[in-house]
Amino acid sequence: MNVLGIETSCDETAAAIVNDDGKILSNIVLSQLKTHQVYGGVVPEIAAREHLEHIDKIIAAALKDAGITFEQLDGVAATCGPGLIGGVMIGMMSAKAIASVHNIPFLAINHLEGHALTARLTDKIKFPYLVLLVSGGHTQLLIAQSLGQYHRIGTTLDDAAGECFDKSAKLMGLPYPGGPNIEKIAKECTDQEAAIARFQLPSPMKNKKTCDFSFSGLKTSVRLHIDRLPEGELERSDVAQLSCALEIKIAEILANKSARAINQFKETYGPFESPPGLVVCGGVSANRTIAQQLQNLALENDMTFYAPPLSLSGDNGAMIAWAGLEKLLANGENYPGDPMNFAARPRWPLDPDAAPLHGAEVKA
Ligand code: KG4
Ligand code: ZN
């Protein structure tokens, strides 16, 4: 069984073919990074236009790389939300068109579910497991109970972790996207203790007994530190030290709340026959400091740690194709797929029962 997955919810135009053995036959990602870099962030209208321009070629390349034709597809899956609606519409309409022309099921995929299921594609991990989803638009702790069933136990009250990286990078004069650039320059800092002592940063929500996050205060604190530095262009060594302190602080906050979530997960779902999974996913999971901290936490708590390989940590079509495959397999042979009048959703929470938090969940 082969499924085409299409992803266009932010600034990557992506298409991939995955089969029901979990083999990725192709995975094409076209980044719009250079287009948006001059604006310091993603401009939704420009992103949508770029998706429209490239989507056909990217789908053709995914089929060619996989060595198959449209006739050999058993389904076509597309991100239908949450995300920038113009882009989402383009991927979704392309998938609907392919599905109706070739008479195969169309599968409407929640982008967040794509990230959350990646560990099942790469490692065949079993439900239930705990997910820390950290991207540019989301920071959530979720219990993946079964396909389509997610219990959100924590979320951010304001900015997402990736957004904190991106906004702080902008303040330091580093290019978009901030996360990878902060990670890169932080490596130039040779004395972590000195960096932490010099650039002290707050730990918002640390003593709150919930699994919720807050990152906007951290970005403000970065700005105040920068204001106290000599005027003019920042010294590279100062940027390296501040980046190092910020990266360590974000890793600490994520680990601290994940530790709380582990307790809650174990209380509700334990005891387990074998160590359950702790999955970190989304663009920020590419950060080595953060991944290492979470890996240590998993080890201390007798859990198995899973982080996607770099090719699957950012937005991609393979995770969407896999989510589509899971849906097809779960629904049996005669499953017609999702209806053709399925509407794109700018917001689409994975856990519809989770109480909305004031000011939170911009995209979900
Ligand atoms: O999942 P993703 O590709 O797109 C969204 O759905 O948001 O995540 C993008 C986010 C950006 O905020 C980017 O700065 C962050 O992931 N990111 C990183 C790293 N690589 C990407 N953050 C920290 N360290 C990294 N190495
Ligand atoms: Zn994403």
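Q: Is Thr-139 buried or exposed?
A: This is a predicted model, where local features need pLDDT of at least 70, side-chain atom pairs count only at pLDDT 80 or more, and totals for chains, interfaces and linings use all residues. Residues are numbered from 1 along each chain as its sequence is written, chains are lettered from A and ligands numbered from 1 in the order written, and side-chain values use heavy atoms, leaving out hydrogens and water. Buried means under 20% relative accessible area, exposed over 50% and partly exposed in between, with a 1.4 Å probe and protein chains only. At a relative accessible area of 0%, Thr-139 is buried.

Q: Which residue has its backbone nitrogen 2.7 Å from a polar atom of the Thr-139 side chain?
A: Thr-139 sits in strand E7 (residues 139–146); strands (E, at least two residues) and helices (H or I, at least four) are DSSP runs, numbered from the N terminus. Its contacts (heavy atoms within 4.5 Å), not counting residues up to four places away in sequence, include Gly-154, Ala-160, Phe-213 and Leu-254. The backbone nitrogen at 2.7 Å belongs to Ala-161.

Q: Which residues are the protein donors of the zinc ion (ligand 2)?
A: Donors are N, O and S atoms within 2.8 Å of the metal (3.2 Å for Na, K and Ca), and water is not among the atoms, so sites may look incomplete. Here the protein donors lie 2.1 to 2.2 Å from the zinc ion, and their spacing in sequence reads H-x3-H-x199-D. They are His-111 (NE2), His-115 (NE2) and Asp-315 (OD).

Q: How many residues apart in sequence are the parts that His-111 and Asp-315 tie together?
A: His-111 is buried at 7% relative accessible area, and Asp-315 is buried too, at 17%. His-111 lies in helix H4 (residues 111–123), while Asp-315 is in the loop between helix H11 (310–313) and helix H12 (317–331), so the pair ties together parts whose separation in sequence is 204 residues.

Q: Where is Ile-85 found?
A: Ile-85 is partly exposed, with a relative accessible area of 35%. Its place is in helix H3 (residues 85–102).

Technical notes
Polar contact = N/O pair within 3.5 Å; in protein donor to acceptor, adjacent residues only side chain to side chain.
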